[in-house]
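I opened this notebook to record what I looked up, entry by entry. The entries follow the order of my reading.

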Amino acid sequence: MTHVAVVGAGPAGLVTALFLARRGHQVTLIEKDAEEPPSDPEACFQSWSRRGVAQARQPHILLGRSSAVLQAEAPDVLDALIAFGARLFTNAMQPVGPDERDWPFMIFARRLVFEAVLRRKAQAEPGVTWLGGVEATGLILDHDGAPPTVRGVALERGREVLADLTVDASGRYSKVPQWLAEAGMGPLTESFQDCGFCYITRWYRLRPGEDLGATTFPINVESPFAKFSGFMADGDVYGLSMTASLNDPLAPAMRRAEAFERVFSGIPKLASWVAKGDPISDILVLARIENRSRTLVRDGAPVVAGLSLVGDSAMHTNPTLGRGVSMAYAQAQRLAQAVSESDPTTAAFVLDFETWRDRELGVWFEQQVRMDAAWLAASDAALAGEPPAPPSSDPAARFAGVLPMVAARNPAVAKVFARMMSLMITPAQMAADPEVQAAVIEYLQGGGQPPPKTGPTRPEFEALVAG
């Protein structure tokens with residue numbers, strides 16, 4: 001039996017604690033936000049204070065990788081999520097019944113709603129000791145060996161939690177890199193990209209008797225300069241969101257409710273979402289969007305032992321594709337397995353876990369960086385009045401660019417594409433599928449193009465904002 005200290009009780013820290021405890025380990029879960037979630041889903045969203053989580057009220061999707069991990073590790077969590085209002089759908093947007101969970105599916109719920117369920121599950125788990133309203137202030141380090149070993153966590157007011165393994169699940173603003181640097185083991189090796197855009201979101205509740213109709217979710221509508229999206233959530237709640245470049249001079253105007261609703265009412269695929277629901281939130285803005293990946297390995301060797309990074313503290317991507325929670329759950333599952341199979345106090349444990357994460361999840365980070373750089377460049381070019389760039393001559397880029405159109409026409413390709421989007425297979429595995437290859441080649445040879453931009457033109461957008 002291993003004693004593990006987990007710093008941070010967001011989705012990553014909660015499932016890490018849960019998965020470890022269910023394998024017989026003792027876990028101390030440390031969370032600086034003291035407030036407990038209300039018992040009602042709506043109260044969770046409206047009043048639960050999560051000061052340390054800037055993205056708490058932005059849209060989240062739990063992709064197929066998330067449900068696959070939960071089915072394997074904690075199927076009772078799925079039942080609790082459903083009881084609290086979460087909605088389960090296949091990638092073809094068919095509802096998932098209790099006896100139909102043999103295939104990964106998407107879970108729709110607001111972040112604070114599913115986090116409340118996870119917290120209550122973790123707190124009730126034998127083997128988990130909850131320390132709420134307690135802030136970690138540093139690492140307890142043993143410098144006798146090479147590399148140094150983390151022996152636990154220092155807390156405010158001089159308290160300590162000693163542990164065989166310390167897990168940093170404190171999120172994208174983790175202080176662990178700073179603590180390691182101050183102790184002479186930093187800076188950590190990082191890959192970083194400032195995405196240069198923001199999210200502008202409002203939440204709605206469907207009126208009684210109304211129906212959004214049969215469609216796939218989320219709905220994404222692109223203009224040359226922005227993205228407009230509709231996200232389902234728990235119960236009858238859904239969100240509308242715009243992704244805008246920070247260089248767009250009209251982005252601040254979208255914080256006005258009347259401008260926000262005029263714009264979304266002017267987009268045919270999303271107009272009914274405005275007309276059939278009532279707002280339940282203000283306009284919520286999230287900036288400082290970034291892609292960041294950090295590792296405890298430098299020059300092929302760990303800089304420290306007795307420490308693991310899980311979730312956003314290790315790797316986080318722009319939330320547009322909903323990958324963050326799924327990557328965190330995959331890391332939590334792998335870590336729990338590794339702790340049960342090997343000695344977590346060693347440098348070899350750190351190297352094995354970091355190597356697995358890079359191999360298993362690094363592809364998604366690298367893909368996101370490429371996509372975001374291309375999108376921001378195209379958006380800013382459109383804002384500057386420059387003509388669209390010609391289609392890429394790179395075969396891989398052309399392949400990726402037309403895949404959504406091919407998937408929309410070919411059910412077999414759609415199934416493989418959905419598995420890739422749900423992180424069940426890698427882009428390389430999808431591209432190697434003979435049926436996918438044949439369908440894409442046929443589409444390109446027939447003169448097929450990437451999906452058209454069906455959102456408002458810039459003059460239309462300006463007119464909608466101005467009213």
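**Entry 1: Thr201.** I began with a single residue in this predicted model. Thr201 is buried, because its relative accessibility is 0%. I placed Thr201 in strand E12, which covers residues 197–206. I then looked for a polar partner and found that the side chain of Thr201 makes a polar contact with the side chain of Ser241, at 2.9 Å. Leaving out residues up to four places away in sequence, I noted that Thr201 touches Gln58, Pro59, Leu240, Ser241, Phe260, Asp282, Ile283 and Leu284.

**Entry 2: strand E14.** Which residues point each way from E14? I found Ala226, Phe228, Gly230 and Met232 on one side and Lys227, Ser229 and Phe231 on the other, and all are buried. Seven of the seven residues of E14 are thus buried, so the strand is largely enclosed by the rest of the structure.

I next looked up the partners of E14. E13 and E14 pair in the antiparallel sense over four bridges, and Ile219 stands opposite Gly230. These two strands form a hairpin with three residues between them. E14 is also joined to E15 by seven bridges, again in an antiparallel run. There, Met232 has Tyr238 in E15 as its bridge partner. The hairpin of E14 and E15 has four residues between the strands, and Gly235 in it takes a positive phi near 55°.

**Entry 3: the nonpolar cores.** I recalled a general point first: in soluble globular proteins, nonpolar side chains tend to be buried together. Which members of the largest nonpolar core touch the most other members? Of its 111 residues, these are Phe228 and Phe264. Helix H9, residues 324–341, gives the largest share of this core, with ten residues.

Apart from neighbours within four places in sequence, the contacts of Phe228 include Ile219, Val221, Ser241, Met242, Phe264, Leu270, Pro456 and Phe461. A second, separate core has 23 residues, among them Ala5, Leu139, Met185 and Leu307.

**Entry 4: helix H8.** I looked up the buried residues of helix H8, residues 268–275, and noted Leu270, Trp273 and Val274. They cover an arc of only 100° around the axis, which puts them on the same side of H8. I then asked what they pack against, and found strands E13 (219–222), E14 (226–232), E15 (237–245) and E16 (277–279), together with helix H7 (257–265).

**Entry 5: the sheet E7-E8-E9.** I turned to an open sheet of three strands, in the order E7-E8-E9, with antiparallel pairing. Strand E7 (136–142) and strand E9 (160–162) stand at the edges with a single partner strand each, so one side of each has no neighbour in the sheet. The twist averages 30° from one strand to the next. Six bridges join E7 to E8, residues 149–155. Leu139 has Val153 in E8 as its bridge partner. Leu139 is also a member of the second core noted above.

In the loop between E7 and E8 I found Pro148. Is Pro148 buried or exposed? Pro148 counts as buried, because its relative accessibility is 14% and the cut-off is under 20%. The contacts of Pro148, without residues up to four places away in sequence, are Asp142, His143, Met185, Val303, Val304 and Ala305. The C-alpha atoms of Pro148 and Ala305 are separated by 6.3 Å, although the two residues are 157 apart along the chain.

**Entry 6: the sheet E11-E18-E22.** I examined another open sheet of three strands, in the order E11-E18-E22, whose pairing is antiparallel. Strand E11 (189–194) and strand E22 (315–316) are at its edges; each has a single partner strand, so one side of each is left without a neighbour in the sheet. Two bridges join strand E18, residues 290–295, to E22, and Ser293 stands opposite Met315. Helix H10, residues 347–383, packs on this sheet and touches E11, E18 and E22; its direction makes about 155° with that of E18.

**Entry 7: Ala466.** Ala466 is exposed, because its relative accessible area is 66% and the cut-off is over 50%.

Notes
Residues are numbered from 1 along each chain as its sequence is written. This is a predicted model: local features need pLDDT of at least 70, side-chain atom pairs count only at pLDDT 80 or more; totals for chains, interfaces and linings use all residues. Side-chain values use heavy atoms; hydrogens and water are left out. Buried means under 20% relative accessible area, exposed over 50%, partly exposed in between (1.4 Å probe, protein chains only). A polar contact is a pair of N or O atoms within 3.5 Å; within protein, one must be able to donate a hydrogen and the other to accept it, and residues adjacent in sequence count only if both atoms are side-chain atoms. Contact means heavy atoms within 4.5 Å. Two strands pair if DSSP finds at least two bridges between them. Axes are lines fitted to C-alpha atoms, for helices over the stretch in contact, and angles run from 0 to 180 degrees between N-to-C directions. The arc is that of the directions from the helix axis to the C-beta atoms. A nonpolar core is a set of buried Ala, Val, Leu, Ile, Met, Phe, Trp, Tyr and Cys residues joined through side-chain atoms within 4.5 Å.
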